[in-house]
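Colleague: I am new to this structure and would like to go through it in questions. Please show it first.

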Amino acid sequence: MPSCLITSGATKEYLDPIRYITNASTGAMGAALAAVALKKGANVTFITGVDGIVPVGKCKVIKVVSAKDMLGAVKENLNKHDVLIFAAAVGDWAVQKQSKLKIKKKAQMALKLVENPDISAYAGAKKNASQVSVCFALETNNFMQNARKKLKNKNADFIVLNTASTIGSKNTDAKIIYPDGSSKEIASSKSAAAVQIINEAVKLFEKRALTPKGKRIVCEKI
């Protein structure tokens, strides 16, 4: 079974020591993916936002706060794994300058934001010939168009498209989209969808990676 690096949960970008910008992701999908990989016998590194759900099982868990923290953890572990799955809801922006003291209440306040690093795009540019990269896209409009654009920009092997209804739910309305433009509907429950996503990533890896004796690595489906 190929080893897996999985990012999960929401990142936080602090404005001051008390307040931060984040999103509603619980990390349920990432935890479900890790659970499937662990059940298959994979070596798993699970990088998650501090409040995200953590899978039960023997895996390396790295808790991070900000997008930059998560990028640092991914950089340290990227070359140690075969399958790279980016399920985290990473904040797109950070505050340009974090206040060292609590910001006092004002009638109005303007925030200057800067773009965060694109973690999955970084991994897509750095992955080797045998590594498989899987990304997620959560969209509210122009679903297929936006997801296909992300798939290309991140140099991913496939992308999982979700809508906002999946946040905080046990179910998902996801579909897998491939670089050739084709797509495939997947199961409605996150646990069942995780099985399909892991199986799909493993299948792609098996096509690329060979054992020293030239025999393909075989992984039985759950």
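Colleague: Which residue does D51 meet in a salt bridge?

Modeller: This is a predicted model, in which local features need pLDDT of at least 70, side-chain atom pairs count only at pLDDT 80 or more, and totals for chains, interfaces and linings use all residues. Residues are numbered from 1 along each chain as its sequence is written, and side-chain values use heavy atoms, with hydrogens and water left out. A salt bridge here is a side-chain nitrogen of Lys or Arg within 4 Å of a carboxyl oxygen of Asp or Glu. At 2.7 Å, N to O, the partner of D51 is K12.

Colleague: How many residues apart are D51 and K12?

Modeller: D51 is in the loop between β4 and β5, whereas K12 is in the loop between β1 and β2 (13-14). Strands (E, at least two residues) and helices (H or I, at least four) are DSSP runs, numbered from the N terminus. The pair links distant parts of the chain, and the separation is 39 residues.

Colleague: Is K12 buried or exposed?

Modeller: Buried means under 20% relative accessible area, exposed over 50%, and partly exposed in between, with a 1.4 Å probe and protein chains only. D51 has 58% relative accessibility and so counts as exposed. K12 has 10%, so K12 counts as buried.

Colleague: Which residue does K154 meet in a salt bridge, and how many residues apart in sequence are the parts that the pair ties together?

Modeller: The side chain of K154 meets that of D118 at 2.9 Å, N to O. K154 lies in the loop between α4 (143-153) and β10, and D118 in the loop between β8 (113-115) and α3 (119-126), so the parts tied together are 36 residues apart.

Colleague: Which residues are linked with K127 in a network of salt bridges?

Modeller: K127 and D157 meet in a salt bridge of 2.8 Å, N to O. K127 is in the loop between α3 and β9 and D157 in the loop between α4 and β10, 30 residues apart. Both K127 and D157 are buried. The network links K127 with D157 and R208.

Colleague: Which strands stand at the edges of the sheet?

Modeller: Two strands pair if DSSP finds at least two bridges between them. Eight strands form an open sheet with mixed pairing, in the order β5-β4-β1-β6-β9-β10-β11-β12. One side of each edge strand is left without a neighbour in the sheet, because each has a single partner strand; these are β5 and β12 (183-185).

Colleague: What is the bridge partner of F46 in β5?

Modeller: Strand β4 (residues 44-49) has six of its six residues buried. Strand β1 (residues 4-8) pairs with β4 in the parallel sense over five bridges. Five bridges also join β4 to strand β5 (residues 60-64), again in parallel. In β5, F46 has as its bridge partner V61.

Colleague: What is the bridge partner of I176 in β12?

Modeller: Strand β11 (residues 175-177) pairs with β12 in the antiparallel sense over three bridges. Within that pairing, the partner of I176 is K184.

Colleague: Which side chain does E139 join in a polar contact?

Modeller: E139 is found in strand β9 (residues 132-139), and its relative accessible area of 9% makes E139 buried. A polar contact is a pair of N or O atoms within 3.5 Å; within protein, one must be able to donate a hydrogen and the other to accept it, and residues adjacent in sequence count only if both atoms are side-chain atoms. At 3.2 Å, the partner side chain is that of N146.
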